[in-house]
Amino acid sequence: MLNIQKQSAKAAALGKQRSYGDIVELLDRNWAVARTPERFELLKKLDAELGSLTQNIPTILVGGTNGKSLTITFATKLLTREGYTVAALYAPHILTYNERIAFGDEIVSNKVFTELGNEILNTAETLGIELHSSELLFFMSLAHARMQHADVVLIETMYN
């Protein structure tokens, strides 16, 4: 258990424990998302339950049409040389969803990916929130950044 926050850890312990394959399957089939003010309020509620991840980790959003992943890769190298620890959320992936969540030059392991997915999903379920794939990956990335004590997280936005 990663102990994102005590309440989240408790929710994860009480909730369903999915396998890596289960989480990948969920991600594969759950990409449609409705962006509404009500949805935003639900995600804020989830964020608060997870310890306000969006408020407590300095974040740089990288958007645009082309070159976002390359920009994040170069920025990670630059910030690392300056002494910062850097986490990243890339979009899209080539082979596995793990490629989307990185700390420094290393992508998240299957074990940690599964633990993060379970904690976020179970916390969302306790709040009655069904997460879409992009939302789940976003919160998993921030939770991973916090777990690694990252100084900053770079997030590749999928929408301009």
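Helices (H or I, at least four residues) and strands (E, at least two) are taken as DSSP runs and numbered from the N terminus, and two strands pair if DSSP finds at least two bridges between them. The structure is a predicted model, in which local features need pLDDT of at least 70 and side-chain atom pairs count only at pLDDT 80 or more, while totals for chains, interfaces and linings use all residues. Residues are numbered from 1 along each chain as its sequence is written, and side-chain values use heavy atoms, with hydrogens and water left out.

The chain holds seven helices and five strands. Read from the N terminus, the order of elements is α-α-α-α-β-α-β-β-β-α-α-β.

The five strands make an open sheet of mixed pairing, in the order E1-E5-E2-E3-E4. Its edges are strand E1 (59-62) and strand E4 (106-107), each of which pairs on one side only. In general, strands of a sheet pair through backbone hydrogen bonds, either parallel or antiparallel.

Strand E2 is joined to E5 by four bridges, and these two run parallel; here alanine 88 stands opposite leucine 154 of E5. Three bridges link E2 to E3, and this pair is antiparallel. Leucine 89 has isoleucine 101 in E3 as its bridge partner. Val86 and Ala88 point one way from E2, Ala87 and Leu89 point the other way, and all are buried (under 20% relative accessible area with a 1.4 Å probe, protein chains only; exposed is over 50%, partly exposed in between).

Strand E3 (residues 101-103) and E4 run antiparallel and are joined by two bridges. Phenylalanine 103 has glutamate 106 in E4 as its bridge partner. Helix H7 (residues 133-147) packs on the sheet, where it touches E1, strand E2 (86-89), E3 and strand E5 (152-156), and its direction makes about 15° with that of E3. Contact here means heavy atoms within 4.5 Å; axes are lines fitted to C-alpha atoms, for helices over the stretch in contact, with angles from 0 to 180 degrees between N-to-C directions.

H7 also meets helix H6 (residues 110-126): their axes come within 9 Å and cross at roughly 115°. On the H6 side the contact includes Val112, Phe113 and Leu116, and on the H7 side Leu136, Phe139 and Met140 are among the residues.

For the chain as a whole, 45% of the 160 residues count as buried. Of the contacts with a separation of 6 or more, 75% come from residues 24 or more positions apart.
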